[in-house]
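Please read it alongside the model.

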Amino acid sequence: MNEWPDARSGNARGNGDDAYGRGSSAAQPEGARRMQHVQRPVPPQQRSVPQQQPGYDDGYGQPQQYGRGVPAQSSYDSGYSEGQVYGSPAGRGPAGPGGPGGPEGPRRGGGRRPGAAPNWRKRITIGVLSLVVVLLVTSVATYFWADGKVRREVDLSKVIDRPAEGKGTNYLIVGSDSRDGMSADEKKKLHTGSAEGKRTDSMILLHVGDNGNTMVSLPRDSWVTIPSFKGSDSGKSFPSKGKDKLNAAFSIDGPELLVRTIEANTGLHIDHYAEIGFAGFANIVDAVGGVELDIPQDIKDKDSGADFKKGKQTLDGQQALAFVRNRHGYAAGDLERTKNQQKFLSALASQTATPTTILNPFKLYPVMGAGLDTLIVDKDMSLFDLGSMFWAMKGITGGDGISMNMPVAGDGPQTSLLWDKPKVTQLVNELKNDETVTVK
């Protein structure tokens, strides 16, 4: 007997459709039934439409969001709680952001993705900027370190009756026989003797201008007039001392009177003064590692300690000092010595201003320290002025300029040297106007 209610009888069964099953009285076993789809109401908190993301089809035509327990709108509720894949972060399925097969989300700390190519442009930019900062800081520190070591002890404002300034810049470079700070062993080693005070062993007038640089040696035995002056220490006025050797001015009242005497006898304005003593000169040469020089003849002088053979050789500090001080080994005496002094100073400047020295702090700082510790300059001398003087000397070695002695007419009294006045006047005028020097 059929126990199905009348409401379920009719065409469905009459058409042979067993979709709703048969009773137990049927001849064939009852097959699987198709259950009517039941959609559960969506809770109010889940009715907002989430942002659509790529998903999968659940088989009922409804898209599902990856890795989230909340189904997309109009999808069915399976009856289970919000889904979570074991071993994955809460609320994130295997195909979610950062999971296998899904789009990669932002990485913590801003690092680049594994396997991504490094940003070389950014690395190079950062490296260059870092290098610039290091160089800038080092340069500034070096500047203040060097500037603090310069001994600005000469006051040219004390010089009276000065000639007008000309074009270009004129430096007076003096090598003195000062023995300040030297021990007895050092004096013996360098053959300096133990005389008190200080005198000038060399005087060089260096003109730096737009039409070539000129280095003029002033023989220490030049016969000149020592003019009236104001004492550098006392401030008192003193009358002219009359005729005497040029180095006597330095002995009487130091750098200020020496500048006053040169200006009075030439009419040329001296802009800056630089002086170095025995010890400083030798220390600079040793700090550089020696200076290579081509000595024109055999030299032997017991007073200066010079003992050289003709030819190219590298001189250390002791040998270099003996070479520039020697004057007894030459027939021309003081004139030949001034030429050798120019030659050596130019070679020293040229061999110091090399990349191996400038770019090597372990060599640059000892060289600068050795020079600045004993270098005495005027109060207005800046590091820029020192650099200009140094590079001008280097340039003359390379042929960019002229090296000469003050024109001399002959011998004067007391084994002195008389200047050739017409040539001296022509030379001074050319230097004043920053013209190319034509005087021989």
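Which residues in H2 meet which residues in H9?

1. Thr138, Thr142, Trp145, Ala146 and Lys149 in H2 meet Tyr365, Met368, Gly369, Leu372 and Asp373 in H9, contact meaning heavy atoms within 4.5 Å. The residues of this contact divide into 5 nonpolar, 3 polar and 2 charged; Ala, Val, Leu, Ile, Met, Phe, Trp, Tyr, Cys and Pro count as nonpolar, Asp, Glu, Lys and Arg as charged, and the others, Gly among them, as polar.

2. The model is predicted: local features need pLDDT of at least 70 and side-chain atom pairs pLDDT 80 or more, while totals for chains, interfaces and linings use all residues. Residues are numbered from 1 along each chain as its sequence is written, and side-chain values use heavy atoms, leaving out hydrogens and water.

3. The axes of H2 (residues 120-149) and H9 (residues 361-374) come within 9 Å and cross at roughly 25°. H2 and H9 are therefore roughly parallel (angles under 35 degrees).

4. An unreviewed UniProt entry lists residues 124-146 as "transmembrane region"; the annotation may be inferred rather than shown by experiment. This span is 100% helix and 0% strand, with its end C-alpha atoms 32 Å apart.

5. Serine 217, in strand S6 (residues 213-217), is buried at a relative accessible area of 1% (buried meaning under 20%, with a 1.4 Å probe and protein chains only). The side chain of serine 217 makes a polar contact with that of glutamine 342 at 2.4 Å (a pair of N or O atoms within 3.5 Å, one able to donate a hydrogen and the other to accept it; residues adjacent in sequence count only if both atoms are side-chain atoms). A polar atom of the serine 217 side chain also lies 3.5 Å from the backbone oxygen of threonine 338.

Technical notes. Axes fitted to C-alpha atoms, helices over the stretch in contact; angles between N-to-C directions. Helix = DSSP H or I, 4+ residues; strand = E, 2+ residues; numbered from the N terminus. Parallel < 35°, antiparallel > 145°, perpendicular 65-115°, else oblique. Buried < 20%, exposed > 50% of the residue type's maximum accessible area, 1.4 Å probe, protein only.
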